[in-house]
Amino acid sequence: MLQEQLAKKALNFVSIPDDYQLLVEDFSNEQAKFMWSADDLAKGIEVSLDQNGKLLDLTRPPSNTGTLVTPQQQQALAENFLMEQYEEAMDYLTLSTVIENEDETTFLYEQVVGGYPLASYYTKITVSKYGETIDFSYDGYTETPPKFPIQLADKEAILQHLHTANWTLTMKYLVSDYYSVPQSGLYPIYESPIVYQSFNAENGHPSFEHKQEEPESFIPFPKVSAFEKRTTIEEIIGVSDSMIKLREFELDENTLVIVWREKDWRAPAEKTMENFLLERMEHTVKAKIDKHSRKLKEFMWFKERTGELDLSFEACRDIACAVIATYFEEYVPYLQLQIEKNAFNEANRAFFTFPLHVAPDLQIEGERFYIGINKTTGFVDILWSPRMDLALLQSYEAQTIQPLKDVMPALKEIDTFLQWSRQYDENKNDEVLQYKLGHAQTKQQIVGIDAITGQLIVSKL
């Protein structure tokens, strides 16, 4: 279709309120994408069509009033909507999952081969409690599905890999909403890359080879002098008087996000998706702030800043250390500096990692300060801080850790599960049947073994 026809076709699926503006009108990658919104992007309207005007994606906010429909009616409406767009789709797709919420129900349709859904073909339809299709995503189907293997590998042989794999002790900060732990906190865990491995269902061979990484090296946090403390968030980040606040919003119940940019920045005229992303990001600085304490958590400059300096790697490191000593001094007793190769990236930035430790030889995985210093300005261009509350770290009391051999019985709770996975290479995009490891009862992804209780920990996501 012509671009004008596609734009008209998109309006057949949505009604645009008077206070909404067209933000994206993009014709690329053999698709047409349209996006409208008022000030709140969370209530935006999106429509994507293929080059023939067939609907690929749809998102729109639900109405506030109407006649309530039952879940059974919602399913009928979802399938009627799908068949209106792709009449033959239901000959190939099977309803696999129903997710009921108070205001809406989501139906997931997949193409099943041998009792297992293919990874490449997935359709999602969400119907509001008033019977409106408010979310639609279509990934098609194949008329030539892969063949189910005649013979499968012995899964017991695969499970034996768990006992011969390399298990190492680490410390993790786990949130109870996301992991099977009684409460959010620090947990010593035995973990292994084997739990993320997949195995070819026909021959049992692992899908990837895990390479032993070089052990990380650390030194104590260097002794540096703190800077004179600046009083405002803008001063700490380097926001100048020539910049304005673009937006401020709540990311979650504890975090605010603020974005600034130069006053004289001009948005590109064409409403392409690329230009929309530029309008949101280019030449900005974005900060996350603790909603309650108003302390800075992290920030990043999406603008290249240049100066006349030519600082050494060591000088940049000292600046990074001084920033922590100035604004996050309470973390210093728990920090070490990870030894890195002396190098700058193409934007003249050097990066430094300061992991949190509960003991000199026990790092908290993923919890660290990460700071990027620009050698031409001496400015901080990137700063990320730990997620966990410092009070939790300060109150942590070490407990007796069981030897690995004493917690290995937890591996009996792990089983193998068949699934189709998409395999990519230069010439083909095939579906291959694989064994994946998971909790025997729930199929949830394994995280590791609690080194104190010996219980298996899994992901709830």
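Over how many bridges do strand E6 and strand E7 pair? The legends below, which describe a predicted model, begin with that pairing.

View 1. Strand E6 (residues 104-113) and strand E7 (residues 116-128) pair over nine bridges in the antiparallel sense, and Tyr 109 has Thr 123 in E7 as its bridge partner.

**View 2. Strand E16 pairs with E15 and with E20.** Strand E15 (residues 284-290) runs antiparallel to strand E16 (residues 296-301), the two being joined by five bridges, and five residues separate them in a hairpin whose turn includes Arg 294, with a positive phi of about 65°. E16 also pairs in the antiparallel sense with strand E20 (residues 380-384), over two bridges. Met 300 in E16 stands opposite Lys 286 and also opposite Ile 382 in E20.

**View 3. Trp 260 lies within the largest nonpolar core.** This core has 42 residues, and those with the most contacts inside it are Ile 237, Trp 260, Phe 299, Phe 352 and Phe 354. Helix H7 (residues 313-327) contributes the largest share of the core, eight residues. Leaving aside neighbours within four places in sequence, the contacts of Trp 260 include Ile 233, Ile 237, Met 243, Leu 246 and Val 285, as well as Glu 234, Lys 245 and His 283.

How values were computed
Residues numbered from 1 in each chain as written. Predicted model: local features only at pLDDT ≥ 70, side-chain atom pairs only at ≥ 80, totals over all residues. Heavy atoms only, no water. Core = buried A, V, L, I, M, F, W, Y, C linked by side-chain atoms within 4.5 Å. Buried < 20%, exposed > 50% of the residue type's maximum accessible area, 1.4 Å probe, protein only. Helix = DSSP H or I, 4+ residues; strand = E, 2+ residues; numbered from the N terminus. Contact = heavy atoms within 4.5 Å. Pairing = 2+ DSSP bridges.
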